[in-house]
Amino acid sequence: YRMVQFSFGIDHRFQINSQNTDLFIGNLLTASAGFNFLINEDKGYQIGIKYAYQEGGNPLKGLADQTFSQLTLTAKFILDQKKSK
């Protein structure tokens, strides 16, 4: 089980010709950090929290130039598949 996770990314874009285009919106910066906590080792139950930040845009995904952050909470529970006899 992963306990701590960090990620950082930069997508650097530049124009390869002198034509102005609406597709070029600069760089995309993303960063995130998160923690997973194992709350029951026998059953694999865990909860997690992650903070992510984005600045810039991605024209390949239809995103305009923007800045935002988000906080994500996760929970993982494994249902017992055993049938009683």
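**An all-strand chain and its nonpolar patch**

Read from one end of the sequence to the other, the protein runs β-β-β-β. That pattern comes from 4 strands and 0 helices, where helices (H or I, at least four residues) and strands (E, at least two) are DSSP runs numbered from the N terminus. The model is a predicted one, so local features need pLDDT of at least 70 and side-chain atom pairs count only at pLDDT 80 or more, while totals for chains, interfaces and linings use all residues. Residues are numbered from 1 along each chain as its sequence is written, and side-chain values use heavy atoms, with hydrogens and water left out.

What share of the 85 residues is buried? Buried residues make up 16% of the protein, with buried meaning under 20% relative accessible area, exposed over 50%, and partly exposed in between (1.4 Å probe, protein chains only). The accessible surface comes to about 7,300 Å², and 55% of this belongs to carbon and sulfur atoms; such areas come from the Shrake-Rupley method with a 1.4 Å probe, and for residues only the protein chains shown count as cover. As for contacts (heavy atoms within 4.5 Å), take those between residues at least 6 apart in sequence: 44% of them join residues at least 24 apart.

Ser32 makes a handy stop along the way. This serine sits in strand S2, residues 28–40, and counts as buried because its relative accessibility is 13%. Setting aside residues up to four places away in sequence, Ser32 touches Gln5, Phe6, Ser7, Lys50, Tyr51 and Ala52. With Ser7 there is also a side-chain polar contact of 2.6 Å. A polar contact is a pair of N or O atoms within 3.5 Å; within protein, one must be able to donate a hydrogen and the other to accept it, and residues adjacent in sequence count only if both atoms are side-chain atoms.

Next come the aromatic rings. The whole structure holds 2 aromatic pairs. Rings of Phe, Tyr and Trp (its six-membered ring) pair if their centres lie within 6.5 Å; planes under 30 degrees apart count as stacked, over 60 as edge-to-face and the rest as tilted. Phe35 and Phe37 form a stacked pair, because their ring centres are 6.4 Å apart and their planes are at 20 degrees. Phe35 counts as partly exposed at 39% relative accessibility, and Phe37 counts as partly exposed at 43%. The rings of Tyr45 and Phe77 have centres 5.1 Å apart and planes at 70 degrees, so this pair is edge-to-face. Tyr45 lies in strand S3 (residues 45–56) and Phe77 in the segment after strand S4 (66–76), so the pair ties together parts that are 32 residues apart in sequence.

Phe77 touches Ile39 as well as Tyr45, not counting residues up to four places away in sequence. Ile39 belongs to strand S2 and, beyond its neighbours within four places in sequence, is in contact with Tyr45, Gln46, Ile47 and Phe77.

Several of these residues meet again in a nonpolar surface patch, whose members include Phe6, Phe35, Phe37, Ile39, Ile47, Tyr51 and Phe77, with about 1,200 Å² of accessible area for the whole patch together. Patches are made of residues with over 30% relative accessible area and no salt bridge: like charges are joined within 9 Å, nonpolar side chains (Val, Leu, Ile, Met, Phe, Trp, Tyr) within 5 Å. A salt bridge is a side-chain nitrogen of Lys or Arg within 4 Å of a carboxyl oxygen of Asp or Glu.
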